[in-house]
Structures are given as C-alpha cells and as structure tokens.
Amino acid sequence: MLRAEVLQPLIADAGRASVREALRETIAQLRSELAASPDGEHSPEGLIAGIESRVRERFARRKSTRTRRVINATGVVLHTNLGRAPLGRRSLAAINEVAAGYCNLEFDLTTGNRGRRGAGLEAMLRELFGCEAATVVNNCAAAVLVAVNTLAEGGEVIVSRGELIEIGGAFRLPDVIAKSGARLREVGTTNRTRLADYDNAITAETRAILRAHPSNYRIIGFTERPALEELSGLARSRNLPLIEDLGSGALVDLRETGIRDEPTVGESLKAGASVVAFSGDKLLGGPQAGLLLGDERFIRRIERNPLGRALRVDKLIYAALEATIEEYAAGRAETEIPVQAMLRARGKEIALRVKRFLRRAQSVGGNVSLRSIDGASAVGGGSAPGAELPTRLIVVEADGLSASEIERRLRLADTPVIARILDDRVVLDLRTVGPEDEAPMIDSIATLNRSTAARREIKREITEHTK
Ligand SMILES: *Cc1c(COP(=O)(O)O)cnc(C)c1O
C-alpha cells in the first residue's frame with residue numbers, strides 16, 4: 001500500500017511513518033467491518049481504492065483541525081472563534097521584521113545594557129493617554145487576574161452585584177477574584193448600586209474597588225450606578241486603588257458607527273481609575289493581549305508580581321501592538337486598522353461591493369444562485385451587544401441542497417468560508433470579507449455545483465471498480 005501512486009504526495013507531505021500508521025489503523029478498521037458483515041461481495045481493487053480514499057480523508061481531516069486561514073463571511077467583526085481582530089499591514093510588517101531575526105526586546109540600544117521589556121510600548125501609551133505607566137500581559141482575563149492578585153490578595157475587593165460578569169464561558173469575575181486570592185465583597189443589587197453601598201462596605205479588610213464594564217449585556221429600566229468620577233473620588237479619599245475592567249478597550253469614540261455605551265480608555269483614565277484593563281484584540285484591533293494602564297505605583301507592583309512574569313507576552317505581540325498603537329497616534333486608525341475600517345464601513349459602500357461581487361460571481365452559474373438582501377452585521381467579541389450595523393447580505397442558494405448542506409460545503413471548501421444561516425437561508429456578509437478574499441470565496445461557492453458533479457463521477461468510478 002505504501003507504494004500506491006495516489007499515496008505518494010501524502011507520504012512526501014506527512015512522512016512515511018505517519019502514513020504507514022494511518023494505513024495500519026484503516027486496514028484494521030476495515031477488517032473488523034468486513035468481519036461484522038461477511039456476506040457482502042468485495043473486489044480487491046474496490047477494497048484498495050477504499051483504503052486509499054479513507055487514508056486520504058483522514059489526513060485531510062487532520063489538516064482541517066490545524067490553525068489555518070478561513071474567510072469570515074458571518075459579518076461578526078470580532079469573532080472570537082475565528083481569531084478576533086485581523087491585523088493591519090503595519091502590524092504584520094512589524095511582526096515579520098522582528099520574528100525572522102533578533103530584536104531589542106530587553107536590550108537598551110543606547111546604553112548597551114539590559115533594557116526593560118515593553119519600555120517602548122509604555123512610552124507610546126503614556127504619550128497617547130497621558131497615563132503614568134502601562135504594562136502588557138497575555139489577555140484581558142490575565143490583566144484582571146494579575147491586577148486583583150497584586151492589589152487585593154488576602155483582603156477584600158468590592159464589586160457591584162450588577163457587574164459580576166461572565167465573558168465567553170470561562171471568564172467569570174467571581175471565579176477570577178477567587179483565584180486571585182482576594183475575597184469578593186458584593187454590594188448593591190443587580191439593577192441598582194449607589195455610591196453609599198460602596199462607602200458602607202469599606203472596612204480595614206478592603207484592598208480595592210473593582211468596576212467591570214458590562215461588555216456583553218445591558219441592564220435597562222430602573223437602574224443606577226455611580227459615575228466613574230464619583231467612584232474614583234471615593235477610592236482616593238479612602239486611599240484604595242480603583243481597578244476598572246473595561247474589556248473592549250475602545251481607544252476612539254465609535255458613536256458614529258452606531259456603537260454606543262463603549263467607554264473609551266481615555267475617558268476611564270480621565271475619570272480617575274487607578275488601573276484600567278482592556279483587551280488588545282477587541283475594539284483596539286491588535287493582537288491578543290491584555291493592557292494595563294494607570295498609576296505608576298500600582299503598575300510597577302503588578303510588573304513585579306511573579307504572575308505578571310508568568311503571563312508576559314513575546315516579541316511578536318510587542319511588535320504588533322506598537323504598530324497598532326502607532327496608527328492611533330498618527331490618526332490613521334479609521335482606515336489602517338481592519339477592525340476599525342470594518343466597523344465604519346457604511347451600508348451603502350457594502351451594497352456597492354455586493355453588486356460588483358454578484359457580477360464577478362455570475363460565472364459560477366449551474367445550480368447555484370446568488371442574490372442580495374438588506375441585513376445587519378454584529379460587532380461580536382462580547383462588545384456592544386445592542387449595536388446593529390446595517391449591511392447588504394448575499395443569499396446563497398443551490399438547487400437540491402439544503403441551507404445546512406450549503407453551509408457545510410462552504411465550510412469544508414479548500415478555502416473555508418464561514419457563513420451565517422438566517423431564516424433557513426445561507427447568507428454571506430462582505431463587511432468582514434477583505435477585497436482579496438473575494439476571488440477565493442467565489443471559488444469556494446463554485447464547489448457547490450462542481451462538487452455535486454465530482455461526487456457523482458467518483459461514485460461511478462467506485463461502482464465500476466467493485467463490479
Ligand atoms: C472580553 C472581556 C474580558 C476578557 O478579555 P480577553 O482578552 O478575552 O481575556 C474581560 N473583561 C471584560 C469586561 C471583557 O469584555
């Protein structure tokens with residue numbers, strides 16, 4: 001079997017040993033299947049073709065579980081399952097530059113001595129926000145964990161009952177606080193928490209006040225919570241740090257895109273939060289990271305914490321983050337940061353792209369039909385749950401194929417296209433599809449008819465073999 005012509009590319013690709021192992025397992029599996037139904041008739045050629053195709057399928061499946069590029073046609077801009085923010089070109093160039101060789105990660109080029117990791121990024125953030133200090137860890141969850149552990153371990157941290165958030169499954173604020181070694185002191189109620197509730201809860205045990213942004217839900221109606229200025233005033237008067245878990249980390253105002261209630265990092269710092277934590281790969285549009293900005297004395301303590309060392313990021317993240325922050329500093333974020341550009345794309349612009357796309361895709365033909373309808377995109381990533389971004393959707397239909405079958409085939413195409421099913425129809429949203437992804441997407445759509453034909457062809461070959 002190892003000499004079979006059709007397996008040679010696989011052997012070159014995956015190695016002889018792993019193909020041999022796959023063959024052994026496939027043959028064993030086939031043996032037990034045959035033993036279970038001894039009455040069927042099988043030709044040797046048919047069995048061999050079956051083994052070959054099973055082995056090839058096995059490797060194809062294995063490959064699809066590896067990290068690979070997909071086209072996000074869901075219209076969900078910060079799709080956590082699809083890797084959140086795509087990076088801008090300057091971030092990619094910066095990664096490329098430092099990844100291939102050595103860099104000054106912890107080396108001061110002016111003195112020739114050891115330097116502090118992240119000093120360059122900190123200087124940029126200080127300049128942009130006027131904050132005293134900044135540091136970076138692996139993600140926002142890590143940022144909150146290390147901040148609470150550093151500032152409140154062994155004591156109490158006060159949190160409003162309306163802000164005990166869960167973000168994307170594994171991040172649950174009460175659990176993170178428990179792991180940090182601090183005790184959670186809940187105050188107020190689900191819908192209303194007043195400044196006096198915080199004030200009354202402060203004791204000799206209190207180490208910090210924590211404010212969390214309700215990123216992925218809203219409490220509406222009869223609600224109340226103190227303004228951040230009031231809370232920071234209280235914290236300062238009682239000599240306590242105020243930690244804010246901001247989550248999304250918008251650097252610029254997004255109101256014009258229809259995203260409201262996303263406080264910016266600058267606003268939080270101005271309102272007097274001692275430490276602000278936010279993600280690098282949500283609205284900021286950079287790589288996965290957790291940024292901590294704020295008072296120098298707290299940030300330096302966080303940096304000295306062994307947990308901070310365990311959760312530190314590598315040179316690629318610094319390179320990408322610095323390039324991302326620079327786009328904001330230079331006022332180019334709206335066009336140069338993909339997440340920002342996607343969020344700002346207007347319904348009309350998308351409709352125009354859809355028109356051109358439908359013209360380009362005419363050649364697909366066959367049993368496949370494409371048309372467009374009005375719809376909405378989503379911000380995603382647990383950000384701005386109420387915001388709806390008007391868009392124009394492409395409806396994909398194919399004679400003889402159900403919506404779920406079309407969705408499956410697009411997902412399994414050579415260039416996987418991740419679509420959305422809306423009212424039992426498959427829809428594609430160009431908001432999250434780059435112009436360079438349009439041609440491969442048309443190819444993937446074309447497999448909806450090509451693969452039916454190819455499948456029939458394969459079936460005919462196999463029946464002839466087994467005759
Ligand atoms: C998203 C989010 C987190 C978790 O951030 P990661 O970077 O995914 O770890 C924590 N807190 C809030 C408020 C969030 O929105």
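Modeller: Happy to! The count comes to one cavity of 30 Å³ or more, where a cavity is a set of points, on a 1 Å grid over the protein atoms alone, at which a 1.4 Å probe fits but cannot get out. This is a predicted model, so local features need pLDDT of at least 70 and side-chain atom pairs count only at pLDDT 80 or more, while totals for chains, interfaces and linings use all residues. Residues are numbered from 1 along each chain as its sequence is written, and side-chain values use heavy atoms, with hydrogens and water left out.

The largest cavity has a volume of about 50 Å³, a volume being the space filled by probe spheres set on grid points that are joined across faces, edges and corners. Its lining, meaning residues with an atom within 4 Å of a point, includes Arg 116, Arg 117, Glu 122, Glu 303 and Tyr 318. The elements giving two or more residues to this lining are α5 (119-129) and β3 (133-137); helices (H or I, at least four residues) and strands (E, at least two) are DSSP runs, numbered from the N terminus. By class, the lining of the largest cavity has five nonpolar, two polar and four charged residues, with Ala, Val, Leu, Ile, Met, Phe, Trp, Tyr, Cys and Pro as nonpolar, Asp, Glu, Lys and Arg as charged, and the others, Gly among them, as polar.

Now to the pockets, which are open sets with protein on both sides within 12 Å along at least five of seven lines. The second largest pocket holds about 480 Å³ of space. Its lining counts 24 residues, and those closest to its centre are Thr 80, Arg 84, Ala 141, Ile 167 and Lys 282. The largest share of that lining, three residues, comes from β9. Eight of the lining residues of this pocket are nonpolar, twelve polar and four charged.

The ligand takes up this second largest pocket, on the rule that more than half of its atoms lie within 2 Å of the grid points. Around the ligand are 13 residues, of which Ala 141, Ser 215, Asp 245, Ser 279 and Lys 282 come nearest; a residue counts here if a heavy atom lies within 4 Å. A polar side-chain atom of Asp 245 lies 2.7 Å from a ligand nitrogen. Ligand oxygen atoms lie 2.6 Å from a side-chain N or O atom of Ser 279 and 2.8 Å from a polar side-chain atom of Lys 282.

Technical notes: A polar contact is a pair of N or O atoms within 3.5 Å; within protein, one must be able to donate a hydrogen and the other to accept it, and residues adjacent in sequence count only if both atoms are side-chain atoms.
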